[in-house]
Amino acid sequence: MNNPFATALNMQRQAWEATADLAEKTQVAPERTETVENIDVGQTPSTVVYEENKLELLHYEPMTEEQHDIPILIVYALINKPYILDLQPDRSVVQTLLEAGFDVYLIDWNEPSKLDRSLSISDYVNRYIDNCVDVVRERSGQDSINMLGYCMGGTKSAMYASLYPEKIENLALMAAGLCFDGDGGVLELWGDEEYFDPEAVTDAYENVPAAFLDVGFALMDPVANNVTKYVRFYDNMEDEDFVENFARMERWLDEGIDMAGTAFDEFVSDIYQENQLYENELEVDGERVDITNIDMPVLQIVAEYDHLIPPEASKPFNDVISSEDTEILEFATGHIGMSVSSRSHDELWPEVCEWFEERSNGTEVESEPEPSEPEAADAALAEDVAGDESGAADLANGGSSVETGSSTDLDAETSELHGEDRSDEEIVERGDDDVQEAPAEPGEMTVDEDVVEEVAGEDAASEIESEEDDLTDLTGVGQAYAEDLTAAGIETFDQLAEADVAELATETGISPSRLEDWIEQARDL
C-alpha cells in the first residue's frame, strides 16, 4: 500500500521545486527576452558585388590564403531569407565552404514588391541567375563555375544547368524538389488540381504572402510548431546557448518573404502538379528545359527525415540526367537541420567540401575508379558471400552510406531507431540534430549484420546487436523518450551513465531532474 504521509511529503517537495524553478526563471527572463529581440544572424563578412531589381549578389571575404580555382555560387529559395545558410559562425554552410578554401557567392533575392507580381521562372532562371553566373565567371576568370542550390533554389539550379550546361562545372542540389510522382512530400499536397488552384491564391493576393506559406508549413506539425517548442524554451530558459539558438531560428521563421505570383503559379502547376521537370517536358519562355543536357558532375544532398522535400522527391533525378558522375549524400536529419545542425557541419559538410574540392582544381574524377588489389579481394569475397554484384560494390566502397550513381533505401533500417519525424524547428531548438550515428569515413568499413552472420556465424552477429541497450528498460523511459535519447547519441546504458545532465537536457529538451533519475538508474546497472 502507498504511504499517504510519504505521498504528501513528495507532493510538497515537488511544489517547492516548481516554485524555486519559477523564481529562477523569473530572474533570468528579462535577459533572455533581450537576447531573443537582439540576436545576430548572418555574421560572415560579405560585400554586394551586383544588384538587379531587389536582388543582391553577395561575395564573402575569403578565409584562407590558398583558394580552389572554381568558385561556388549558392542559389537559395524564393521564400525565407538565405541567412539560414549563415545562421551562426559554428553552424554556417557559408563559413564551412570558406574554411575549405572556396570563393563563395550567394544570391539574396530579397522581397518582391507588387510591381514584381509578374516575375516568372524564366525571369529568375534566364535573367537573374544567368546574370549572377556571368558576374562570378568574370570576377573569377573561369568559363564555368560551381553551383549549390538549396530547396527551391536547387530546382532552379537544375533548370539553369539544363539551359546553360557550358557555364556550370559542378552542380550540387540540396533538398531540391525535382520529382513529384507520388512521393513528393508536403509540396505534393499542392499537386492535386481538383483541390488546389494556385491562381486563386495569386488572384487574391497578387504575390503569395509569406504568412500564407508559413501557416501551411506550421500545420505540418501543429503541436511541435505552436506549443512544444515554447514549453522547451521555458524549460531551458537558464541555458543561454539554447536561448540564442532558439532566438536565431525564431527570427528566421518570422522573417519570411513573399513570393512573386506568376512564379508561384508556374512552380505549382508545372513542377508540383504536372511533374514536367522530371518528365523532361518543361518549357521556360518557349524554350525546352532538356535535363539530358545535365552532363556535369552532380551531387545530391538529401535529408532522410525531410518532410518538406523527402529523398524520394530528389534522388530519382540522377537516373534521368546524362551525367556519368553522380553521387548522393543522404544524412539522418531534417530539411533545416542539414544546414544548421552541429552534426551536419561535423559530418556532412566536410564530405560536400571534399566532393567539390576533387572537382575544382583542374582534375577529372572518374565515376567508377578501378579498385586496388586489396579492394578487389574484398569485392570478390563480398560477391561470394552475397551472390550478386551489388554486394561486391558495397563492400568495395567501404559500405558507406554515400551513394554513387544510385540510391540506397535506408528507411527500413533506420525507422526503428528514429521513430516518428519531428519538425526541423524542434530539432534545432533543442540542439537535437536527429542523427543516429556518424556516416562511415571514406574507405572505412561499416558492419552489415547479414554478411557477418553468413561469414562468422550467428554468435558474431548477436554480439554486434548487443552493443545497443534497450533504454525503455529504465523506469520512466517510454519509447518516445528513448527515441529522444537515441537521437542525442545515447544508445547504451554506459553512455547514459556518463552523460552530462545539463548538456543532455539542452540536446533533448527533457527536464534535468528526470535525466538525473535515469542516469542514476543506468549507473546502478
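This is a predicted model: local features need pLDDT of at least 70, side-chain atom pairs count only at pLDDT 80 or more; totals for chains, interfaces and linings use all residues.
Helices (H or I, at least four residues) and strands (E, at least two) are DSSP runs, numbered from the N terminus.

Let us begin with Cys151, which sits in the loop between strand E7 (145–150) and H4. Its phi is near 60°, a positive value in a residue other than glycine. Most residues other than glycine have a negative phi. Cys151 has a relative accessibility of 12%, so this residue counts as buried.

## Another positive phi

Asn280 also deserves a visit: its phi is positive, about 60°, although this residue is not a glycine. You will find Asn280 in the loop between helix H9 (261–273) and strand E9 (283–284). The relative accessible area of Asn280 is 14%, so it is buried.

## Where two helices meet

Now follow the chain to helix H3 (residues 121–140) and helix H4 (residues 152–163), which pack at an angle of about 75° with their axes 10 Å apart. H3 and H4 are therefore roughly perpendicular to each other.

On the H3 side, the residues that meet H4 are Ile121, Tyr124, Val125, Asn126, Ile129, Asp130 and Val133. Their partners in H4 are Lys156, Met159, Tyr160 and Leu163. The residues of this contact divide into eight nonpolar, one polar and two charged.

## Aromatic rings

There are 10 aromatic pairs in the structure. In one of them, Tyr160 and Tyr164 have ring centres 4.6 Å apart and planes at 25°; because planes under 30 degrees apart count as stacked, this pair is stacked. Tyr160, which we met in the helix contact, has a relative accessibility of 0% and so counts as buried. Tyr164 is buried too, with a relative accessible area of 16%.

Trp355 and Phe356 give another pair, with ring centres 5.1 Å apart and planes at 75°, so this pair is edge-to-face. Both of these residues are buried. Together with Phe102, Trp355 and Phe356 form one aromatic cluster.

## A buried asparagine

Our last stop is Asn318, in the loop between strand E11 (298–303) and strand E12 (326–331). Its relative accessible area is 6%, so Asn318 is buried.

What surrounds Asn318, leaving aside its neighbours within four places in sequence? The residues in contact with Asn318 are Val298, Gln300, Thr326, Glu327 and Ile328. With Gln300 there is also a polar contact of 3.0 Å, which joins the side chains of the two residues.

Methods. Residues are numbered from 1 along each chain as its sequence is written. Side-chain values use heavy atoms; hydrogens and water are left out. Rings of Phe, Tyr and Trp (its six-membered ring) pair if their centres lie within 6.5 Å; planes under 30 degrees apart count as stacked, over 60 as edge-to-face and the rest as tilted. Buried means under 20% relative accessible area, exposed over 50%, partly exposed in between (1.4 Å probe, protein chains only). A polar contact is a pair of N or O atoms within 3.5 Å; within protein, one must be able to donate a hydrogen and the other to accept it, and residues adjacent in sequence count only if both atoms are side-chain atoms. Contact means heavy atoms within 4.5 Å. Axes are lines fitted to C-alpha atoms, for helices over the stretch in contact, and angles run from 0 to 180 degrees between N-to-C directions. Angles under 35 degrees count as roughly parallel, over 145 as roughly antiparallel, 65 to 115 as roughly perpendicular and the rest as oblique. Ala, Val, Leu, Ile, Met, Phe, Trp, Tyr, Cys and Pro count as nonpolar, Asp, Glu, Lys and Arg as charged, and the others, Gly among them, as polar.
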